[in-house]
Amino acid sequence: MMDAAMLKEIGEIVLRMLVIFTALFTGVGYMTLVERKVSAWMQDRIGPNRVGPAGLLQPLADGLKHLMKEDITPPGAHRAIFIMAPVLVLIPAVASFAVIPIAGEGFNLQDLGLPWDWTFLPYIADVEVGLLILLGLASLEVYGVVLAGWSSGSKYPAMGALRSTAQMISYELALGLAILPVILTTGSLRLQTIVEYQGGTWFGFLPQWNVFIHPFGCLFLLISIFAETKRLPFDLPEAEPELVAGYHTEYSAMKFVMFYMGEYSAMIANSALMATLFFGGWQVPGLDLPQPWMFLVQALAFATKTFFFLFLFVWVRWTLPRFRYDQLMDLGWKVLLELAFINLLIVAALVAAGVM
Amino acid sequence: MPLASYIGLSAVLFVIGVLGVLLKRNALVMFMSIELMLNAVNVALAAFARHHGGLDGQIFVFFVMAVAAAEAAVGLAIFIALFRLRKTTDVTEFNLMRW
Amino acid sequence: MSLETLLASFATVMALVSALLVVWQRSAVVSALFLVLNLGSVAILFLTLGGEFLAAVQVIVYAGAIMVLFLFVIMLLNPAPPKQRFASGPVVTGLTFGLGVVFVAALVRGVMSLAGSGQEMSAVGPGYGSTRSIGELLFTDYLYPFELTGVLLLVAMVGAVVLARRQHHEEV
């Protein structure tokens with residue numbers, strides 16, 4: 001049934017998945033530490049520094065602690081969905097990384113001196129409609145939230161879940177509309193094409209990133225991804241003084257950790273999307289090295305840009321106060337949607353006139 | 001996969017949808033069975049489009065999806081209004097017009 | 001058997017099983033979740049048929065928006081799972097299922113008699129089902145239905161908001 005060529009293809013895909021998802025999960029673990037350290041520095045304190053050198057093994061300690069906690073299922077809960085909901089939050093966020101490219105070209109494993117003739121491509125899947133897949137996965141992230149709230153069998157999670165869901169689906173519209181001008185000027189939905197389009201420089205020093213062509217689209221996308229990942233200033237549905245802990249009130253131990261992992265994975269995926277669409281992804285203008293060094297440099301550039309947006313997420317969280325729920329919904333429907341539409345119309349007119 | 005498999009699947013999905021509409025008590029599950037029927041038709045349209053090598057079937061699927069979205073929204077709104085009145089989702093209770 | 005055929009067969013089986021479970025479940029929420037699984041498997045089938053744009057739109061619109069709407073309504077109304085699975089008694093239910101099986105057999109027999117339906121479908125050119133080709137068709141040959149669909153969606157939006165509004169009853 002399977003021949004050698006298909007086995008090789010599957011082997012290459014599995015290798016890419018292992019590398020990228022391991023990097024992602026390590027990143028998720030260390031995001032908890034980054035959040036605590038950065039927030040500590042902003043508040044003029046030190047943050048965790050006991051476990052390991054300068055607190056670097058703190059995520060490990062946190063994970064062990066959560067593993068050993070008691071796993072409670074509330075009595076009114078619908079068991080099967082209660083267990084499934086955290087997984088449903090995690091899967092779309094992690095799956096987003098299947099289409100995001102981390103470098104320009106793949107390299108052959110034989111360049112590293114390894115005996116196998118396998119190519120390590122810079123993405124797990126090269127899909128022509130990559131951006132639509134990302135939008136679809138963003139739509140699927142809603143399910144974990146609404147099912148978590150409903151299956152907990154108690155009113156605070158249910159209300160928190162309904163509010164979170166309403167917030168997420170409202171800002172999905174603004175997200176899609178903010179991305180459309182980029183698709184218009186690039187002419188493709190494929191993420192690798194969008195990044196390649198941002199190569200080169202203007203005037204010799206300004207990289208041709210989309211943020212300079214679509215500043216407003218970038219701003220609207222930034223606001224939308226803050227609302228999609230339910231981070232401050234849009235985190236009323238899970239804010240402590242308002243709704244206990246929102247849709248994950250009744251969760252403990254590993255399931256709670258999975259919710260947090262899902263949230264951080266979504267943050268990382270959205271930061272990567274932001275870097276890819278508007279800031280040139282893996283582009284390092286004016287550099288040309290042989291493979292696999294080019295791969296490494298480009299992957300590092302991509303990681304740096306993603307990390308900048310993650311830092312922005314944490315920075316904004318500890319700086320701004322949160323929106324009230326009706327202000328949040330007003331912003332999504334009455335302000336952001338209209339402005340994103342107008343932005344799209346202007347860009348469409350410019351593209352039709354041949355200017356862009 | 002041959003065309004017959006896709007059309008066979010579409011037929012079975014459609015019949016399951018019809019059975020859902022005819023047999024279920026919960027009005028929301030009836031709605032979902034209608035969506036199942038529309039979905040089955042989409043599969044058939046896309047399969048025939050591929051069989052003939054043209055894209056018209058896929059365009060039709062696009063429109064069916066848009067209409068299904070509109071119909072789901074309005075149908076659910078009607079159902080919410082009805083629920084407020086009768087306080088039940090059981091269709092056997094909506095029997096005011098029975099003799 | 002290529003990877004594509006394997007995927008198509010897997011998606012077919014998943015679609016069938018999830019559709020049956022939609023109708024078989026007592027609880028409305030679990031039915032909705034199985035319907036989402038069904039829509040996902042149909043999206044995979046669209047992919048094997050060369051409709052990549054269609055598969056993405058299926059996930060975004062059907063599984064990502066319409067089913068969320070369904071789940072919302074189910075959770076807002078929160079109906080208790082009914083005691084009986086089906087609306088009619090066992091005899092009528094059994095008869096209906098039997099008729100369903102007969103209907104499926106007749107449909108499949110009719111399809112098998114179509115010319116060329118038994119062999120693998122011919123390969124299509126590159127760019128079949130791509131966003132560009134669908135976009136070209138939508139905005140040239142099918143422009144009128146496209147714009148009408150926009151108006152339809154607007155009407156549906158307004159209608160849904162009006163119908164689901166809380167009515168303020170006047171006291172007599």
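Select chains B and C together: 60 residues of chain B are in contact with 72 residues of chain C. Two residues are in contact if their C-beta atoms, placed from the backbone, lie within 7 Å. This is a predicted model, in which local features need pLDDT of at least 70 and side-chain atom pairs count only at pLDDT 80 or more, while totals for chains, interfaces and linings use all residues. Residues are numbered from 1 along each chain as its sequence is written, and chains are lettered from A and ligands numbered from 1 in the order in which they are written.

Next, colour helix H1 (3-23), helix H2 (27-52) and helix H3 (56-86) of chain B; each supplies at least two residues of the side that touches chain C. H3(B) gives the most to that side, with 20 residues. Helices are DSSP runs (H or I, at least four residues), and strands are runs of E (at least two), numbered from the N terminus.

Then hide chain C. Chain B has three helices and zero strands, in the order α-α-α from the N terminus. Its radius of gyration, taken over C-alpha atoms, is 17 Å, well over the 13 Å that the globule rule gives for 99 residues, so chain B is more spread out than a compact globule. That rule is 2.2 Å times the number of residues to the power 0.38. Along its principal axes, the C-alpha trace of chain B spans about 50 × 25 × 20 Å.
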